[in-house]
Amino acid sequence: MIATLKILWNSFKMAMQELRVNKLRTFLSLFGITIGIFCIIAVFTLTGSLEHNIRKDLADLGDDVVYMQKWPWGGNGEYPWWKYMNRPEPEYKDLKPIQDKVQSASFASFNFESGNKKVEYGDDYMDGVTMMAVTNDFDQIQTLQILDGRFFANSESNSGTNVAILGFTIWDGLFPSPEAAMGKVVKVAGRDVKIIGVLKKKGESMIGGIGYDNAIILPYRFARTVVDERRFADPYILIKAKPNVSMDQLKDELRGVVRASHRLRPKEEDDFSLNEISTANDSLNAMFAAINMGGGMIAIFALIVGAFGIANIMFVTVKERTNIIGLKKAIGARRGIILMEFLLEAVSLCLLGGTFGLLLVYFLTLIINLSGTFEMVLSAGSVIFGLSISALVGLLAGFIPAYTASKLDPVVAIRSN
């Protein structure tokens, strides 16, 4: 066993020496496998990171939250918009029956958004701001990352106090620091509001969602004096399920309460939509399955090209070292040792190329993450997968040349030129 390991170690050193001597050949071999591994890991890293970011954004929306809205989300095939166009928008009066009668709901909040508002502080201002109006329990349903300050007190929400929470882009554009923004009075759509909280930077969502960075959040009762939500806003109601309550149970109970509140007859269709994140998840699963399949096909073709390059180089290596192989066999080297020697060289070459490919992917993730628009993650699983694929390609590409070398007749091999 020890003797075999010594022989393999010497073979490995010889392989490394051959790689150093034949620099151009080594470079071409490494280039092919590097590009192959780079393609396969980059594709899976990009698709995995894309899925990670989208699912993270969906989780932020709440996987135990129902969105009561006029329009349904998604839908397969043709979207029958004409069926929903004449539906009424959710109204504030819909909130009370939900809070009182839906036993499977823990919290509910009526909200609306209105875009293109102007927020002013002294001579400075921010245009194109989204005004968000929320009721008491909004912070219990959605995760607000408050950097400084607090959410609205019940007394402020119920009385319609003119207070506000600023998103990152707004306070960063108007004030030198979050502390400097606290307690200041700004104008939104010409109305004075006092800042009681500022939010951390959230970044752009991959699926749209709620854009907190470019928003000013107001209590609903005050916001309705600034904007008429029935004409110039997009109202919706958020309903959060109690722990251990299924979404189907919540939606069934919610549907019954809202239908009764809207006085719909048994045969009439719902005039509202109950949307949930699982609807988007089903579509995402199918989409990412197709993306991963396409990425896998691209990666396989890239690896095939790299594998042919390794195989060609190994055939040339065997041809150049035929007489050395003959001498080794003449002094007692077994076929298995010769086979292992060339397989080890092929695997080492592929692992080296795979390492370079992984380094390229790593630098790509650093560059993309520095841009701050997309979080790209190179996982340990991807690194192990890349190195494993490299080793496998080396074994497959090097086997036939190695087997050919092990089968050489020592006398014929020694006499070859």
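A residue counts as buried when its relative accessible area is under 20%. Glycine 295 has a relative accessibility of 6%, so glycine 295 is buried. This value, like the others below, comes from a predicted model. Glycine 295 is part of helix 12, which covers residues 277-320. Valine 43 lies 252 residues away from glycine 295 along the chain. Even so, the C-alpha atoms of the two residues are separated by 5.7 Å.

The protein as a whole was examined next. The chain has 417 residues, and 42% of them count as buried. Its secondary structure comprises 16 helices and 10 strands. Contacts between residues at least 6 apart in sequence were then considered. Of these contacts, 77% join residues at least 24 apart. The accessible surface amounts to about 21,900 Å². Carbon and sulfur atoms account for 60% of that surface.

The UniProt record was compared with the model. An unreviewed UniProt entry places the feature "transmembrane region" at residues 26-46, 293-316, 337-364 and 376-400. Two of these stretches are described here. Residues 293-316 are 100% helix and 0% strand.

Two packed helices are described by the angle between their axes and the distance between the axes. Helix 14 spans residues 335-371, and helix 15 spans residues 380-406. These two helices pack at an angle of about 145°, and their axes are 7 Å apart. The residues in the contact of helix 14 with helix 15 comprise 18 nonpolar, 7 polar and 1 charged. Helix 14 and helix 15 cross in a right-handed sense.

Helix 14 has a further partner in helix 13, which is made up of residues 322-330. The axes of helix 13 and helix 14 come within 10 Å and cross at roughly 145°. This crossing is right-handed. On the helix 13 side, the contact is made by Ile325, Lys328 and Lys329. Helix 14 contributes Arg335, Ile338, Glu341 and Phe342. By class, the residues of the contact between helix 13 and helix 14 are 3 nonpolar and 4 charged, with no polar residues.

How values were computed:
Residues numbered from 1 in each chain as written. Predicted model: local features only at pLDDT ≥ 70, side-chain atom pairs only at ≥ 80, totals over all residues. Heavy atoms only, no water. UniProt positions renumbered as here; feature names shortened; annotations may be inferred. Helix = DSSP H or I, 4+ residues; strand = E, 2+ residues; numbered from the N terminus. Buried < 20%, exposed > 50% of the residue type's maximum accessible area, 1.4 Å probe, protein only. Contact = heavy atoms within 4.5 Å. Areas by Shrake-Rupley, 256 points an atom, 1.4 Å probe, with all protein chains shown as cover. Axes fitted to C-alpha atoms, helices over the stretch in contact; angles between N-to-C directions. Left-handed = near helix turned anticlockwise from the far one by under 90°. Nonpolar A, V, L, I, M, F, W, Y, C, P; charged D, E, K, R; others polar.
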